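I set out to record what could be looked up in this model, chain by chain. The entries below follow the order in which I worked.

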Amino acid sequence: MTPKLGAPPSAARTGVWVGMGAIAMSFAAYTSAMMVRREGAPDWHHFQLPSILYVNTVILLASSVALEVGRRRVGDDYEVRRAAHRYLSLAFGLGVAFLIGQVLAWRDLAAQGLFLATNPSSAFFYVFTAAHGLHLIGGLVGLAYVLRRVRLAVGPGTYGALGAVALYWHFMDALWLYLLGVLALWL
Amino acid sequence: MTTVSTPPPVAHHHGPPTRFIQKYIFSTDHKVIGKQYLGLALVAVTTGMVLSWYMRFHLAFPDAKAPGLGLITPEQYLQLMTMHGTIMVFFVLTTAPFAGFGNFFLPIHVGAEDMPFPHFNMMSFWVTLTAFLVLVTSFVVPEGPALAGWTAYAPLSAVGSGSGPGEGLGQTLWAISIAIFCIGQLLGGLNFICTVLDMRTKGLSLARLPYVTWAWFITSVIGLIAFSVLLPACILLILDRVAGTSFFIPAGLVVNDRLLNHAGGSPLLWQHLFWFFGHPEVYIAILPGFGIISTIMPAFARKPLLGPRVLIGCMAAIGFLSYTVWGHHMFLSGMNPTSAMGFSIPTLIITIPATIATLLWIGTLYGSRYRFTTAGLFCLGFISVFVTGGLSGFFLAQPSIDTYLHATYFVVAHFHFVMAVAAIFGIFAGTYFWFPKMFGRMMNETLGKWHFALTFTGVYGVFMPMHYLGLAGNVRRYSSFPAEYMGQALPLHRWITVAALFTGAVQLIFLYNLIRSRFAGEPAPDNPWEATSLEWSTSSPPPFDNFGGRHLVVSHGPDEYAVKGPRGDYIMQADPP
Amino acid sequence: MAKLFAVLVAFITIVSTAIFVAHTWWLPPDISVVGPSIDSQLLETMVAAGVLFVVSQFTLALFVWRVSDERKERPIRRFPGGATPLVVLATALVGIEVLALSLVGSKIWYNTFLAPVPANALKVDVQAGQFAFYFRYPGPDGTFGTPHPDKIDEGAGNFFGLDPANDIDARDDIVTAELAVPVNRPILLTMHAKDVSHSFYVPELRLQQDFVPGLVIPLHFTATQVAKTEIVCTQLCGLGHYNMKTYLEVMSAADFDKWLKDQAAQQ
């Protein structure tokens with residue numbers, strides 16, 4: 001399928017804001033579910049968060065930085081595009097690294113005997129991190145799409161798409177920081 | 001006579017698809033997607049209606065064998081009921097007036113060639129269809145479909161097949177289906193919002209949007225928030241069912257003589273999450289109807305809507321307030337009784353914008369030169385049934401009265417009047433109004449008027465008596481009525497069944513009219529109703545890119561009727577200033 | 001067609017209102033202390049709703065009738081005053097009604113669900129399970145034994161999972177399948193659910209409350225007349241939901257004492 005020129009830049013941006021609203025709302029729902037569950041249950045066991053989560057956080061923030069640098073460097077010139085493409089690829093790679101790190105965190109918990117159904121706090125840990133991870137994979141798909149566009153040719157639609165993907169990606173960062181806070185404070 | 005200008009940003013530059021699959025099946029054309037949604041809704045409403053006939057048959061003749069099903073067992077009754085409610089609310093009332101007509105007409109109303117994300121839009125239909133197929137698969141799994149109602153309260157819906165037939169795989173499929181449905185709606189709503197905000201053609205300010213377009217916009221925003229909460233709820237329910245978690249299941253439950261291994265979950269949590277979605281959902285079902293009536297009535301009254309800004313304000317207010325009232329489904333649920341008053345007051349206040357809107361429609365009718373076409377008649381019928389349905393809500397909104405009326409047929413009467421009747425009348429009005437534009441042919445007006453008159457009478461015959469049943473304490477979701485005090489209600493149930501079967505049969509007139517007109521109806525002109533919004537400035541049906549390459553400039557509001565101009569008594573939105 | 005519609009609307013309005021007014025199907029007489037106030041609240045709402053129903057449907061019918069002749073040449077007339085009087089009317093009318101109903105209704109609600117329970121209330125423990133209600137009286141010692149879900153044995157009649165062998169308080173608990181109460185005495189029910197959600201509904205008491213698994217919910221009422229009425233489940237609980245019912249017997253104090261003694265002897 002030949003790449004379409006894409007939606008008008010403003011629509012892509014609006015679209016991401018709308019999507020962010022929906023995702024924020026769903027995590028609000030998960031958060032309130034967690035809060036209710038925590039209040040009601042004598043079986044709420046606090047556990048130590050796997051330390052790799054903090055490493056993953058740094059990785060994710062680094063990927064956002066790389067994405068921003070790459071985004072601002074995109075231009076029509078081939079050399080410029082190649083440089084930008086490198087930063088964007090770095091961002092992509094760091095995103096994948098984050099996800100691998102999350103899986104490692106899960107294995108850490110499993111080694112402690114904490115699985116999805118073990119107790120409510122571990123259940124929410126898996127639910128929160130899985131939900132975030134799934135949405136991040138969506139971000140990776142968007143990033144891959146933009147990577148391909150930058151490699152081929154830079155048109156007016158490219159900036160819009162890049163801006164939209166970057167906005168989404170930074171939102172994933174912010175969401176992760178929020179979740180980390182929730183996990184650290186309440187789990 | 002329509003004015004054109006330089007092109008605003010457009011969604012695509014390629015030509016129309018030629019291959020059959022791209023044209024009719026996996027199409028990114030919003031018009032095809034709209035028709036696909038309407039087709040799905042038609043299949044869904046037929047299924048849902050047949051299910052209700054079986055329910056009504058059993059209620060009236062509990063010991064008789066139903067055609068094709070034999071003697072209906074209590075669990076089968078509850079399964080019929082659950083599927084009836086689920087299919088109707090999700091796949092008819094959320095689909096037809098919103099995803100169906102909205103997808104077809106929203107881009108045209110704003111003067112665009114398509115939505116900004118056509119592939120997401122296409123996905124939204126196929127995702128919705130997948131959800132429907134997953135749901136109906138539950139009819140054929142060993143334990144049958146879910147029986148916990150469309151509300152699927154935990155723990156009944158969460159503990160699995162131990163709690164009885166209908167709570168096996170069928171309930172899991174229900175939760176999966178609804179989760180998938182949420183995703184479909186989010187993809188679609190995304191498109192609606194971005195189209196309204198970013199794709200409007202030159203001159204089309206928000207104030208000049210047709211009222212139905214406003215309604216679709218507000219509905220998308222409501223839906224965005226609501227479905228984003230239902231999706232997590234369904235996921236947590238699925239986890240409780242298959243992964244051994246206890247989000248909704250407390251400790252110490254003995255189901256089917258077995259002490260369950262769960263602990264600490266909260267059944268009320270499910271109710272809060274569900275109704276936080278569920279109440280806005282019913283406004284998602286009715287607001288497009290508000291918009292349709294507000295758009296169609298001026299065209300047939302030949303005068304502008306009374307109080308246009310007020311109407312839009314009312315729709316927005318209803319949308320906003322819809323998020324503050326969900327606890328009125330839970331007055332007696334065991335939540336803190338003090339919060340009941342906190343939910344009751346906004347519930348009563350929401351009556352105000354609804355009343356104002358109704359008065360605006362009646363005020364538009366006043367002094368009009370009303371053209372009593374079928375579409376015009378359904379608008380008037382909508383007003384009548386919406387008033388009836390709204391007034392019964394007045395009782396239920398008060399916790400002290402709800403103590404008596406909760407879970408009785410009074411509630412069933414209320415929500416059927418506002419949803420099954422009013423919202424459906426909105427769909428009918430939209431169908432008769434827009435069929436010529438969508439298919440290039442006129443529907444038969446004689447058949448339409450018969451359809452209207454018999455349906456209007458029939459629905460009152462079906463649902464008005466349910467108020468009486470409720471006042472007498474007749475409990476809902478019962479497959480039969482062995483309690484002594486409910487025995488007196490049986491004759492009324494028989495009447496309702498006869499009326500329901502009659503009204504159902506009447507819909508065959510509509511179905512016949514649809515099919516016959518599609519293939520043999522009179523060819524439709526561009527603007528058979530002498531209406532003003534942008535869809536009437538293009539051919540019937542519209543070309544692939546909606547306006548044949550033209551980019552219309554809008555210089556007028558959406559209901560400039562009773563205005564002298566070159567066309568007569570109206571000026572179209574795209575006419576010169 | 002238009003005139004037919006107007007006539008139809010008027011006819012339907014008249015017939016349905018008449019049936020409401022005639023009380024052809026209506027609430028059973030109340031036998032509860034809160035009954036009269038709930039009934040008067042209901043009646044007030046019904047009158048207000050009824051008036052609005054008749055007025056709005058007839059206005060619709062009238063306006064339709066007046067513009068029903070499509071052939072007549074008529075100037076288009078805007079509603080006198082425009083939208084503003086309608087907005088004011090709706091807001092004022094509904095606003096006042098809402099305020100009034102909320103004020104009065106909140107008192108009734110308070111009395112039913114929030115008021116403190118009188119100290120002399122008779123305590124009855126209620127358990128709802130698929131598909132029956134069971135009631136437990138505390139016996140002469142005045143205390144309930146502890147229920148243990150893992151000890152529930154319906155075949156042996158141990159519906160509450162009591163452990164009389166180890167639990168002294170449980171030894172004199174009286175378990176019944178019907179709820180009997182003395183007249184004119186406050187009754188405090190403590191409601192718990194064995195398996196899924198259920199509900200307790202007695203139309204004559206104008207009382208309804210869900211059972212929620214995991215919660216113990218208090219519910220109190222005072223019956224004002226000797227009567228035998230039905231208790232039905234109103235929260236969908238599975239296939240037997242329609243048949244989940246038992247009886248409430250309101251008795252004189254003397255009859256109740258005798259009944260309780262008889263039940264104790266049968267434990």
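**Entry 1: chain A as a whole.** I noted at the outset that this is a predicted model. I looked up the secondary structure of chain A and found 5 helices and 0 strands. Along the sequence the pattern reads α-α-α-α-α. Taken along the principal axes, the C-alpha atoms of chain A fill a box of roughly 60 × 30 × 30 Å. Of the 187 residues in chain A, 40% are buried. I then took the contacts in chain A between residues at least 6 apart in sequence; 80% of these join residues at least 24 apart.

**Entry 2: helix α2 of chain A.** I checked the length of α2(A), which covers residues 52-73. Its 22 residues should span 32 Å at 1.5 Å a residue, and the end C-alpha atoms are 32 Å apart, which agrees. Next I asked which residues of α2(A) are buried. They are A:L53, A:N56, A:L60, A:S63, A:S64, A:A66, A:L67, A:G70 and A:R71. These residues lie on the same side of α2(A), because they cover an arc of only 165° around the axis. An α-helix has 3.6 residues a turn, so residues three or four places apart point the same way. On the other side of α2(A), I found A:V58 and A:R72 exposed. The cover over the buried residues of α2(A) includes α3 (78-111) and α5 (156-186) of chain A.

**Entry 3: contacts between chains.** I asked which chains share the most contacts. Of the 2 pairs of chains in contact, chains B and C do. In this pair, 92 residues of chain B are in contact with 85 residues of chain C. Several elements of chain B each supply at least two residues of the side that touches chain C, among them α3 (74-93), α8 (267-301), α12 (374-396) and α15 (445-471). I sorted the residues on that side of chain B into 59 nonpolar, 25 polar and 8 charged. Chain A and chain C, by comparison, are joined by no contact, and their closest C-alpha atoms lie 9 Å apart.

**Entry 4: a sheet in chain C.** I traced an open sheet of 5 strands in chain C, in the order β3-β2-β1-β5-β8 and with mixed pairing. Its edge strands are β3 (174-176) and β8 (217-222) of chain C, each of which pairs on one side only. From one strand to the next, the twist averages 25°. I then followed strand β2 (residues 132-137) of chain C, which runs antiparallel to β3(C) and is joined to it by 3 bridges. In β3(C), C:V175 stands opposite C:R136.

How values were computed:
Residues numbered from 1 in each chain as written. Chains lettered and ligands numbered in written order. Predicted model: local features only at pLDDT ≥ 70, side-chain atom pairs only at ≥ 80, totals over all residues. Pairing = 2+ DSSP bridges. Helix = DSSP H or I, 4+ residues; strand = E, 2+ residues; numbered from the N terminus. Axes fitted to C-alpha atoms, helices over the stretch in contact; angles between N-to-C directions. Contact = placed C-beta atoms within 7 Å. Nonpolar A, V, L, I, M, F, W, Y, C, P; charged D, E, K, R; others polar. Buried ≥ 20, exposed ≤ 12 C-beta atoms within 10 Å, placed from the backbone. Expected span 1.5 Å × (residues − 1). Arc of directions from axis to C-beta.
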